[in-house]
Amino acid sequence: MDLGDSAAEAAFREEIRAWMGRTVRLLPAHDPVDLHERLASFRVWQREAVRAGYAGLSWPQEFGGRGASIMERAIWAQELDRAGAPDPVNSIGEGFAGPTIIEFGSQEQKERYLGPILRGEEIWCQLFSEPEAGSDLAGLRTVAEPVDGGWEITGQKVWTSRAQIADHAILLARTGSDRHRGITYFLLPMHQPGVTVAPLRQITGEDEFNEVFLDRAFVPDAARLGPVDGGWPIALATLQYERATIALGRINVQRWVDELIDLVRAGGPEGPGADPVVRQRVADIAARAAVHRLTALRALTRMADGAPPGPESSVGKLFMSPLLVDLCDLALEVLGVSGRYLDDEDGGRWQRRALWVRGMALAGGTPQIQRTILAERVLGLPR
Amino acid sequence: MRFAFTDEQEMLREAVAGALARDLPLARVREVLACGDQTPVRALHRAGGWTGIGVDEDLGGQGGGVVEQAILAQELGRAAAPGSLPIAGCLAAALLAGGDTPEADDVRSLLCDGTAAVVVAIAAGRDAGTGLEVRDGRLSGEVPAVLGAPEADVLLAAVDGAVYEVAVADPGCDVVAHAFVDPGRTIADVRFDVAPARRLGAASADDLDRLTDLGAVLIAAEALGAAGRLLDLTVAYAQQREQFGAPIGSFQAVKHIAADMLVDVETAHSAVYHAAWAHERADPQQAAAAVSIAKSFATTATARVADAALAVHGAVGFTWEHDLHLFLKRAHSATSLYGSAGAHRERLARSLNLVAETSAVTA
């Protein structure tokens, strides 16, 4: 048990902290709201990351990556948060699609796809979920029909993040009737007439999610990943990469806590920082944010040891959602009515966050579903 | 960065848990509480070598540090083990760590082999007392709310950077015990009235805050153990108790309470062991923040677990006969010892410099 950095970890942290500090200065102070503007910021960031050798941190070195360990990735994520790095808009490309192609792709596929992901040139989205296939992914109905030279895909996908800026998609489609052994994994080019992206506007006013309609969209057979009807195990591997990415993900907790503290401090000696009630609440939030990070570190330590996830890895989301809500609500309270002004720089940012965290609480299973799962699967209470 | 017990720490945990399960089941705990004789519990501590945990082996201890002491405290909490000496002894060992005189070695060896109950006269409550003073080798002053004092053979006092020893049997030493809500804990107001005091050597720290912080970490660890046991009791009860023709654990209302208990126990674990590690290894400012996080967050969470356990058990959990209250009282009373949640949040807030201009002056 050593919660501090080892000498090598400390050196890595120092190195990337310096690099990130320089690189964020090339970007706007706060990440833009508009997805296309965020993409522009991300591309600047990624260009610098390639130059410095940090792109594809977790990828093996032979594919242009750095072969970083779990703890190095965790340090990277912490420092991204600290530095205020731009939204990693190609997290699906770098975090899910790339590692899956490295594991299951042909030599030609690796040569075709990996470089552009690494360089941030091609953005990826994930076409897995369907209206009738969410938690029960194997119930998917989108079909792939064999045609000359490839496949034609027809069906509907939903909750697809960033489809409107994606160049490619990892796609699951039905090629046989067997639930699990009738699914094939494709790498779909998004820019074609058979693909229609319909943004879903969220209560934040943004439309990061989309519905994607596929009407005889064409995939060359060269872009089929793995064997026909053999997509299910590959999909499970992608979901593993997804979970690792989320576990390591930039959750912004510490940065938001720091911003809240700055906000309170900005009021000066007569400001909210002098109010004992506010002081108690800020301290409570700072404490819970630290506890969240520490609990994540326990889960990462297990992951680094190759051990199966323990109970600490399943409590993270239930703990984080109310923490983020309380954090944003306190910031809004400190700001007063201007917190509700979308045209106020601080207000607009915190208000959007306050709405966004309420949606995040629902994503990947509502808190009530999460509690039921914990009670049944971890504590063993009867169904 | 690694946040997991080492193999040695896991072995220690298993050894302590195993010995307590075998030799101190709840029926035995109740016998000890009823007759008030702690002798068998102290024998168990001696036999396991637990009295020397946190003291270097070349000084006659068992080695280990605050994390190992927290492991012991957690398992004692899980067992609702009676007696406050284990935690009080850890504080005594920490205070003696600065002294390398023969007198300090002498007391340390009595402490480590468990032949004497050594307790530091330090307040576990908000009131620090009148302040102690030594004149002509005699100690005077009052310290209220000293955890473990009713069990002590020897009291240690830190005065002007030195450690003094007073025999409790001396007429100049008055120990007035309180009836504490948790029958397994002992606490007393201590008064020294020109009591003969032997100087043992230099105190380990220039202020007693670090000692109070160690108490806070270990009390939080003990509460964590009690909360973990309450979660186990609650899950077992919810599986077995039937109402409306089904085990109550099949109802979502009960499942959701149990899931929230798990969240509280797991996150409290993170806070407690972070603080234990930081108290020993991090710089003083980081260590103090870690302790305040643990004492404010973890003891609040574990007290919440106790209430949730009572809610699931219903009226049977409110009876004296049921074991639940032994753990509930340990978890609840932990919030009052070595700094309340509010006091620790205020200390954390001060370290965050929420009022940038003035904090440098007032801190």
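Predicted model: local features only at pLDDT ≥ 70, side-chain atom pairs only at ≥ 80, totals over all residues.
Residues are numbered from 1 along each chain as its sequence is written, chains are lettered from A and ligands numbered from 1 in the order in which they are written, and side-chain values use heavy atoms, with hydrogens and water left out. Chain B and chain A bury about 4,400 Å² between them (the accessible area, with a 1.4 Å probe, that two parts lose on being put together, summed over both).

**Helix α1 of chain A**

- Helices here are DSSP runs of H or I with at least four residues, strands are E runs of at least two, and both are numbered from the N terminus.
- α1(A) covers residues 7-24, 18 residues in total, and spans 26 Å from first C-alpha to last, close to the expected 26 Å (1.5 Å times one less than the number of residues).
- Its buried residues are A:E9, A:F12, A:R13, A:I16, A:W19, A:M20, A:T23 and A:V24; buried means under 20% relative accessible area, exposed over 50%, and partly exposed in between (1.4 Å probe, protein chains only).
- Look down the axis of α1(A) and those buried residues fall within an arc of 140°, so they line one face of the helix (the arc is taken over directions from the helix axis to the C-beta atoms).
- On the other side of α1(A), A:A7 and A:E14 are exposed.
- The buried residues of α1(A) pack against α2 (35-52) and α3 (70-83) of chain A.

**Where the chains meet**

- Chain A puts 51 residues into the contact and chain B puts in 48, with contact meaning heavy atoms within 4.5 Å.
- Of the area buried between the two chains, 68% is on carbon and sulfur atoms.
- On the chain B side, B:M1, B:F3 and B:L354 lose the most area to chain A, together 21% of what that side buries.
- There are 6 salt bridges between chain B and chain A, a salt bridge being a side-chain nitrogen of Lys or Arg within 4 Å of a carboxyl oxygen of Asp or Glu.
- One salt bridge joins the side chains of A:R279 and B:E346, at 2.7 Å from N to O.
- α7 (209-240), α8 (252-281), α9 (284-313), α11 (341-351) and α12 (356-362) of chain B each supply at least two residues of the side that touches chain A.
- α8(B) gives the largest share of that side, 17 residues.

**Salt bridges within the chains**

- Over all chains, the salt-bridge count comes to 54.
- A:E48 pairs with A:R51, the closest N and O atoms being 3.4 Å apart; the two sit 3 residues apart in helix α2 of chain A, about one helical turn.
- A:E48 is buried at 14% relative accessibility, whereas A:R51 is exposed at 62%.
- B:R13 and B:E75 meet at 3.4 Å, N to O; B:R13 lies in α1 (residues 7-23) and B:E75 in α4 (residues 66-78) of chain B, so the pair ties together parts 62 residues apart in sequence.
- B:R13 is partly exposed at 24%, while B:E75 is buried at 4%.
- B:D106 and B:R198 come to 3.1 Å between their closest N and O atoms, linking α6 (residues 102-112) and strand β8 (residues 198-202) of chain B across 92 residues.
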